[in-house]
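Have a look at the model first.

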Amino acid sequence: MNLTIWIDVAIGLSVIFLGTSLFVTIINEYVAQALDLRGKALRTALVRLIDDDTMVTALSRSPALRPFFDSKAKTGTLPSYVEPQILARLLIGGLRASATDSDPLESVTASIRTLPDSSLRSQLLALTATAGSSMDELIKVTSNWADQSLTVLGESYKRNLRAISFFIGLGVAVAFNIDTLFLTEHLYRNKESRDATVALALKITEKTDTEVFDACLTLPMDTRKADPRCAELLRLVDHIKEQSESAGKLPIGWKDAPFKWTNIPGWLLTALALSLGAPFWFDLLNKIVNVRHGIAKPETRKEVGKSET
């Protein structure tokens, strides 16, 4: 068994899954925007976090938070992000008895003790105990708590998005006939396709580091298209969709490819792979490319040694 060939096959599959999962990400963004999934998930998380009616009423007076806490507020698409520090300032500010009190921290602590029993009350009392004697420190620790809590509560949104990604990925796999089993066999047997996908992978990993990749994923769609840093990733999506020579003329699509029942397991594997997300495949691609470099170097030195003898 030639280990280098299998590593190149793994690189080829990773490139295909990376490009296709980026395409799925784009579709996901349209779906999430159309259904307002992120905003609704954030509202659910905030309602679970602020489980005290008094504080809900206080926070609903803020224009930034009213859409989340005031059920009567008329709003279109919900905001998809809340700045934790702003939430902390509004939360602590709503607990102060007066803006002119001599000991604001003690005033806030006393107000917290008067709140009905709730998880919010318990958490705020614990935060005041770690804040020392500084209001700024209390706001800081409250902001950190809100940020971490919303991140944990937001995991349900990520799980829902992964489920959506699976079904979108399955639709893409069928629409473009991306059969993982057939692609694996093709890459193993076809050196030209294998070399082309490896060359494409090397180009992507050389020109796109993790920081740039993460930045491109967080950018809005229109901004991403205009950002030159994201050019290689967007080109990869086009290569996969168009089955270009740069992607090794992969056997993707329905041209001269009649339906076979054996396609179904391959499509399901593709959908599962795409549900892992583009960050997973970008990270894995970099790791496999590094392994390939590590294997190639000793072979190169060996060949040089032979030529000198």
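When I say two parts pack, I mean contact, that is, heavy atoms within 4.5 Å. Helices here are DSSP runs (H or I, at least four residues), numbered from the N terminus. Bear in mind that this is a predicted model, where local features need pLDDT of at least 70, side-chain atom pairs count only at pLDDT 80 or more, and totals for chains, interfaces and linings use all residues. Residues are numbered from 1 along each chain as its sequence is written, and side-chain values use heavy atoms, with hydrogens and water left out.

So, helix H8, residues 135-153. Its buried residues (under 20% relative accessible area, 1.4 Å probe, protein chains only) include Met135, Trp145 and Leu153. What do the buried residues of H8 pack against? Helices H2, H5, H6, H7 and H9.

Now the holes. A cavity is a set of points on a 1 Å grid over the protein atoms alone where a 1.4 Å probe fits but cannot get out, and lining residues have an atom within 4 Å of a point. Volume is the space filled by probe spheres set on the points, which are joined across faces, edges and corners. There are two cavities of 30 Å³ or more.

The largest has about 70 Å³, and Arg224 and Cys230 are among its lining residues. H1, H12 and H14 each supply at least two residues of that lining.

Notes
Buried means under 20% relative accessible area, exposed over 50%, partly exposed in between (1.4 Å probe, protein chains only). On a 1 Å grid over the protein atoms alone, a cavity is a set of points where a 1.4 Å probe fits but cannot get out, and a pocket is an open set with protein on both sides within 12 Å along at least five of seven lines; lining residues have an atom within 4 Å of a point.
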